[in-house]
Amino acid sequence: MADAQQVGTASVVNRNLTLEIVRITERAAIAAAQLRGKGDEMLADTAAVAAMQEALNLIDINGRVVIGEPSDAERLGLGHAVGTGQGSPIDVAVDPLEGVTGCAKNLADSLSVLAFAERGGLMQVPQCYMEKIAIGPGYPPGIVDLDKNATENIEALAQAKGVAVTDIVTCVLDRPRHAPLIAELRALGVAIKLLPDGDIAAVIHAANSDDTGIDIYLGSGGAQEGVLAAAAMRCIGGQMQGRLILDTPDKRSAAEDLGLKDQKKKYSVEDMARGDVLFAATGVTDGSLLGGVRLMQKKTVTSSVVMRSWSKTIRWFKSEYFK
């Protein structure tokens with residue numbers, strides 16, 4: 001699909017970065033895949049972080065990390081400069097290995113994820129959990145809401161879609177904290193796709209419902225992953241709300257330090273990702289969104305997706321690196 005022309009001021013996020021950003025996620029995914037299934041989460045994450053940092057610093061951007069890597073703050077921590085320093089100022093959100101457990105255990109939907117936006121375009125959040133709800137495009141605004149319970153949201157979505165409640169497919173992370181939510185959904189009779197890890201992929205599944213068959217994502221996950229998921233939603237379309245779970249004094253203080261004063265605020269896609277946004281993900285392990293890295297004797301094959309909000313384009317990449 002060719003880039004569409006948008007009315008208004010041209011973006012500072014250069015369209016040539018489309019290929020550059022996917023090369024970066026490919027490098028990180030390949031590094032992590034070398035340690036796939038070997039049981040060491042930290043080693044796999046460190047390898048992905050190092051590869052992403054090295055690749056980022058080769059491209060001509062004046063980047064600032066606004067969603068960083070807490071496990072390796074010296075490389076890709078909050079506020080770090082990345083790129084050569086050339087070009088317009090750009091916000092950078094990184095998750096070199098989304099789903100570290102999935103990679104270590106060779107489970108589904110482990111990804112390398114990266115987003116660029118115009119300076120100030122990506123919301124900064126503390127290290128905490130976030131309540132999330134997401135659906136794909138084509139529904140009236142406000143059809144789902146975090147202030148409704150799961151039953152109310154499912155019933156409203158089913159009515160808007162024109163189907164029975166039992167025809168709705170829901171995506172939820174398979175976590176003990178979601179046991180009450182899962183029980184409520186089971187009582188409704190909806191189908192549930194449980195993901196072992198990686199709620200960025202889960203939100204994208206819900207937004208891309210025509211391909212995945214998933215209608216809605218419900219539950220909680222990392223706040224930083226929520227911003228990255230919102231970056232993807234900004235490109236795909238659809239609705240998403242997030243609300244920070246600030247359940248300790250330290251988390252509340254960290255949120256206030258970032259200017260997030262209203263602890264109960266529901267953040268929309270546009271609150272979390274504004275302006276022109278470029279999002280890329282490369283599969284590390286096989287999943288329903290992307291295939292994992294294939295490490296073969298003579299070549300390495302990667303599967304990736306790149307999205308851009310300004311042109312509303314989604315591109316799927318298969319890359320082959322010959323040895």
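**A residue-by-residue walk through the predicted model**

A polar atom in the side chain of histidine 178 lies 2.9 Å from the backbone nitrogen of serine 220. Such a pair is a polar contact (N or O atoms within 3.5 Å; within protein, one must be able to donate a hydrogen and the other to accept it, and residues adjacent in sequence count only if both atoms are side-chain atoms). The structure is a predicted model, in which local features need pLDDT of at least 70 and side-chain atom pairs count only at pLDDT 80 or more, while totals for chains, interfaces and linings use all residues. Residues are numbered from 1 along each chain as its sequence is written, and side-chain values use heavy atoms, with hydrogens and water left out.

Histidine 178 sits in the loop between β6 (169-173) and α6 (179-188). Helices (H or I, at least four residues) and strands (E, at least two) are DSSP runs, numbered from the N terminus. Histidine 178 is buried, at 4% relative accessibility; buried means under 20% relative accessible area, exposed over 50%, and partly exposed in between (1.4 Å probe, protein chains only). Apart from its neighbours within four places in sequence, histidine 178 is in contact (heavy atoms within 4.5 Å) with Val172, Leu173, Gly219 and Ser220.

Aspartate 199 also has Ser220 and Leu173 among its contacts. Aspartate 199 belongs to helix α7 (residues 199-207) and is buried, with a relative accessible area of 4%. Its side chain makes a polar contact of 2.3 Å with the side chain of lysine 132. Others that aspartate 199 touches, beyond four places in sequence, include Glu98, Tyr217 and Glu225.

In an unreviewed entry, UniProt lists Asp95, Glu98 and Glu225 under "binding site"; UniProt positions are given in the numbering used here, feature names are shortened, and annotations may be inferred rather than shown by experiment. The three span 131 residues in sequence, yet no two of their C-alpha atoms are more than 8.2 Å apart, so they gather at one spot. The lining of the largest pocket includes Asp95, Glu98 and Glu225. On a 1 Å grid over the protein atoms alone, a pocket is an open set of points with protein on both sides within 12 Å along at least five of seven lines, a cavity is a set where a 1.4 Å probe fits but cannot get out, and lining residues have an atom within 4 Å of a point.

Aspartate 95 is in strand β3 (residues 89-98), and glutamate 98 has its place in strand β3 too. Aspartate 95 is buried, with a relative accessible area of 7%, and glutamate 98 is buried at 4%. A polar atom of the aspartate 95 side chain lies 3.5 Å from the backbone nitrogen of glutamate 98. Beyond four places in sequence, the contacts of aspartate 95 include Glu69, Leu111, Ile200 and Glu225. Those of glutamate 98 include Leu111, Asp199, Ile200 and Glu225.

Glu69 is itself annotated: an unreviewed UniProt entry also gives "binding site" for Asp45 and Glu69. Although spread over 25 residues of sequence, this pair clusters in space, with a largest C-alpha distance of 9.6 Å. Both Asp45 and Glu69 are in the lining of the largest pocket. Aspartate 45 lies in helix α2 (residues 41-56) and is buried at 5% relative accessibility. Glutamate 69 is in the loop between β1 (62-67) and α3, and is buried with a relative accessible area of 6%. Beyond four places in sequence, glutamate 69 touches Asp45 and Asp95, among others.

Helix α1 (residues 17-33) has 17 residues and reaches 24 Å from its first C-alpha to its last, close to the 24 Å expected at 1.5 Å a residue; the expected span is 1.5 Å times one less than the number of residues. Of the 17 residues in α1, 13 are buried.

Most residues other than glycine have a negative phi. Asparagine 106, in the loop between α4 (100-105) and β4 (111-118), has a positive phi near 55 degrees and is partly exposed at 45%. Lysine 312, in the loop between β13 (299-308) and β14 (313-322), has a positive phi of about 55 degrees and is partly exposed at 45% relative accessibility.

Last comes confidence. The mean pLDDT (the predictor's confidence in each residue, from 0 to 100) of the protein is 91, and 94% of its residues reach 70 or more. Confidence is lowest in helix α3 (residues 73-76), at a mean of 78, and highest in strand β10 (residues 267-268), at 98. Over residues 1-10 pLDDT stays under 50, and the model has 16 contacts beyond four places in sequence for them.
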